[in-house]
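Reader: Please show me the model. I would like to go through the ligand site and then one residue.

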Amino acid sequence: MQLSAQQIREFEQSGYLFFPNAFNAAEAAVLKQAALDVYQQQREEVWREKSGVARTAFAAHTYNDAFRRLGAHPRLIDPVMQLLDGPVYMHQYKVNAKAAFDGDVWQWHQDYGTWARDDLMPEPRAMNIAVFLDDVTAANGPLIFLPGSHKHGVVEAGHDLETTSYPLWTLDRETVTRLYQEGGCVAPTGEAGSMLMFSSLLVHASPPNISPMDRTIVYLSLCHVDNHIRQFKRPEWVAHRDFTPIAPLEDDTLNELVA
Ligand code: SIN
Ligand code: MN
């Protein structure tokens, strides 16, 4: 999949692109089942909320076949290679649960803020691409973006080690308010299989999920191979150290797993 000139302009302007139903229902169902399988496992890569439900499964592409295939899926890798202008490696891979009733908040942050400070990634020449594994609605803790906030570079942040089970460099309320006043706030919603691509500088957050509906989203964080991280402070399965360029698989790679 190649992005059009208009999509590239839109990405540069707002910092994200939304692709409703990029994957069909059967492909999304294969991935949702894979998420449930992974969350059952007791392994260090699966982080839990204070209540014990899964919060995120790191590096699932290294121990689950469906997530391995998604990690090299051309519908994700090709547009990111186009925008980053060259080969990419997997910096981080997360399957975020945001479980019904118990899924906790992700505070306001920029992903590159954490990658720069914790991993010494040289430039924001990296981005996220996400696939919804459940329908994402206004009710079940959608991702919220501040459009245009990526144009501000790395903004000041503090290291939040307390609010949630996952340490994050988060923004203060004054900064979020200022960025909101400039560009507003959006929460893209859509069916399972929809895809979101967003700049690693885009400010985002998500509220707790107190609805009875799960909200599972898988995130690939892809980085240009020349821009690989320089510091190995975090575990290998949080900030990967394999900088091998990803070779995209065939477009039907997930369909092969549909029963
Ligand atoms: C993230 O910002 O990395 C995750 C947010 C979410 O899954 O809601
Ligand atoms: Mn993030």
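**The ligand site**

Author: An oxygen atom of ligand 1 lies 3.0 Å from an N or O atom in the side chain of His109. This is a predicted model: local features need pLDDT of at least 70, side-chain atom pairs count only at pLDDT 80 or more, and totals for chains, interfaces and linings use all residues. Residues are numbered from 1 along each chain as its sequence is written, chains are lettered from A and ligands numbered from 1 in the order in which they are written, and side-chain values use heavy atoms, with hydrogens and water left out.

Reader: Which side chain has a polar atom 2.8 Å from an oxygen atom of ligand 1?

Author: His204 places a side-chain N or O atom 3.0 Å from a ligand 1 oxygen. The 2.8 Å distance belongs to a polar side-chain atom of Tyr219.

Reader: How much of ligand 1 does the protein bury?

Author: Alone, ligand 1 exposes 250 Å² (Shrake-Rupley method, 1.4 Å probe). The protein buries 99% of that.

Reader: Which elements give two or more residues to the shell around ligand 1?

Author: The shell includes Lys94, Trp106 and Ser206. The elements are DSSP runs, and a strand (E) has at least two residues. The contributors are strands S4 (88-96), S5 (106-109) and S11 (204-206).

Note on methods. Near = heavy atom within 4 Å. Polar contact = N/O pair within 3.5 Å; in protein donor to acceptor, adjacent residues only side chain to side chain. Helix = DSSP H or I, 4+ residues; strand = E, 2+ residues; numbered from the N terminus.
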